[in-house]
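Trainee: I would like to learn how to read a structure, one feature at a time. Could we start with pairs of charged side chains?

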Amino acid sequence: MTARQKWWLVMLLAAGALTVSGATRIVFLAGGPSHPPGEHEHRAGCLLLQSCLEGMADVTTVVYSNGWPAAPEVFTGADAVVLYSDGGRLHPLLQGDRLTTLGKLMDRGVGLAVLHWACDVAKDYGQREFLDWLGGCYEQHWSVNPLWTAEFKTLPAHPITRGVNPFQLYDEWYFHLRFREGLDRVVPLLTTVAPASTMARPDGPHTGNPAVREAVERQVPQIVAWAAERAQGGRGFGFTGGHYHKNWGHDDFRKLVLNGILWVAKVEVPANGVASTVTPTQLEQNLDFKGPQRPRPSSGK
């Protein structure tokens with residue numbers, strides 16, 4: 001038996017053991033290095049969120065780097081998948097037959113949480129699936145990705161908002177997203193009016209278009225985080241923040257995402273939400289080495 005075969009066997013046995021134990025299994029898929037230091041820290045962000053869930057009874061978590069595990073068998077027994085990665089043409093799900101693999105998990109009711117740029121899939125390849133699995137997604141030449149301070153003055157009553165206080169935070173909040181027709185089985189969680197300053201850039205696949213400019217001018221409330229339920233019983237959670245790694249240190253920002261991950265895994269969210277503490281030292285751990293001035297991707301992000 002080769003070393004690789006032994007590794008696969010160990011992972012299969014571990015997955016089987018978790019399934020037998022009855023523990024809820026959450027699989028994090030962290031994308032590779034992206035953007036300048038402190039931005040799009042996918043691996044560090046997933047490991048931080050994982051550490052915040054360590055005290056949850058009957059919940060087990062595993063983090064895989066570079067957007068996709070080497071052996072798809074590690075999805076055995078998964079109750080939820082969390083995607084935090086680059087999107088657009090760089091999206092790890094748009095490679096090979098990964099959409100099909102994930103679709104099989106969705107068909108059996110596995111939950112799906114998608115963070116930041118991972119919400120952006122191709123309109124002709126991935127959008128149909130995301131509208132089904134997640135309830136919404138980013139659409140180039142329709143949605144936009146400005147850096148701005150979003151203020152969330154009120155929050156709806158939902159398990160994901162338990163213990164989360166109204167807050168405001170500077171991030172790359174995507175908006176003017178594409179959702180299921182009539183928001184069918186979609187619950188907006190974070191909604192706000194985008195300021196006129198978000199339209200300061202020229203039109204482009206990520207920067208602006210006539211439809212979003214009209215919506216901002218009319219002060220149409222924009223959804224930047226949401227919960228969705230699927231016809232077959234699965235759940236989805238979309239969250240467009242997460243550009244800046246330091247924002248995981250914000251208690252309400254982090255709690256909403258942790259609650260969302262539990263909810264899609266069909267774990268009862270605590271009455272006051274997931275309790276966790278993150279220190280400045282923890283925020284500096286597991287960061288990708290990117291060099292002092294890593295150039296931005298050419299996709300417009």
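Mentor: Side chains of opposite charge can pair when their charged atoms come close. Here, in a predicted model, Arg-185 forms a salt bridge with Asp-184. Their closest N and O atoms are 2.9 Å apart.

Trainee: How many salt bridges does a search of the whole structure find?

Mentor: The search finds 9. One of them joins the side chains of Arg-128 and Glu-129, at 3.0 Å from N to O. Look at the cover on each partner. Arg-128 is exposed, with a relative accessible area of 65%. Glu-129 counts as buried, at 15% relative accessibility.

Trainee: What parts does the salt bridge of Glu-268 and Arg-162 tie together?

Mentor: Take the distance before the parts. The side chains of Glu-268 and Arg-162 meet at 2.8 Å, N to O. Glu-268 lies in the loop between α6 and α7, and Arg-162 lies in the loop between β6 and β7, so the pair ties together parts that are 106 residues apart in sequence. Glu-268 is exposed, with a relative accessible area of 60%. Arg-162 is partly exposed, at 26%.

Trainee: Which residues are linked in a network of salt bridges?

Mentor: Lys-123, Glu-139 and Arg-178 are. Arg-178 has another feature to read. Arg-178 lies over the face of Trp-142, at 4.1 Å from the ring centre. Lys-246 lies over the face of Tyr-244 in turn, at 5.9 Å from the ring centre.

Trainee: Now the rings. How is a pair of aromatic rings described?

Mentor: By the distance of the centres and the angle of the planes. The structure holds 15 aromatic pairs. Among them, Trp-148 and Phe-175 form an edge-to-face pair. Their centres are 5.5 Å apart, with 75° between the planes. Trp-148 lies in strand β6 and Phe-175 in the loop between β7 and β8, so this pair ties together parts that are 27 residues apart in sequence. Both Trp-148 and Phe-175 are buried.

Trainee: Why is the pair of Phe-152 and Trp-173 edge-to-face?

Mentor: Read the angle. The planes of Phe-152 and Trp-173 stand at 80°, and their centres are 5.2 Å apart, so the pair is edge-to-face. Phe-152 lies in strand β6 and Trp-173 in the loop between β7 and β8, so the parts tied together are 21 residues apart in sequence. Phe-152 is buried, with a relative accessible area of 1%. Trp-173 also counts as buried, at 0%.

Trainee: What is Phe-167 in contact with, leaving aside its neighbours within four places in sequence?

Mentor: The contacts include Ala-150, Phe-152, Trp-173, Leu-190 and Phe-253. Compare sequence with space for Phe-253. Phe-167 and Phe-253 are 86 residues apart in sequence, yet 8.1 Å apart in space, C-alpha to C-alpha.

Trainee: Next, a helix. What should helix α6 span?

Mentor: Helix α6 runs over residues 251-264, which is 14 residues. At 1.5 Å a residue, α6 should span 20 Å, and its end C-alpha atoms are 20 Å apart, which agrees. Helix α6 is mostly covered, with 13 of its 14 residues buried. Just after α6, Lys-266 takes a positive phi of about 65°.

Trainee: And the whole protein? How many helices and strands does the protein have?

Mentor: The protein has 7 helices and 11 strands. Of its 301 residues, 55% count as buried. The protein exposes about 12900 Å², and carbon and sulfur atoms supply 53% of that area. Residues 24 or more positions apart account for 77% of them.

Key:
Residues numbered from 1 in each chain as written. Predicted model: local features only at pLDDT ≥ 70, side-chain atom pairs only at ≥ 80, totals over all residues. Heavy atoms only, no water. Contact = heavy atoms within 4.5 Å. Helix = DSSP H or I, 4+ residues; strand = E, 2+ residues; numbered from the N terminus. Expected span 1.5 Å × (residues − 1). Buried < 20%, exposed > 50% of the residue type's maximum accessible area, 1.4 Å probe, protein only. Areas by Shrake-Rupley, 256 points an atom, 1.4 Å probe, with all protein chains shown as cover. Phe/Tyr/Trp six-rings, centres within 6.5 Å; stacked < 30°, edge-to-face > 60°. Lys NZ or Arg CZ within 6 Å of the ring centre and 35° of its normal. Salt bridge = Lys/Arg side-chain N within 4 Å of Asp/Glu carboxyl O.
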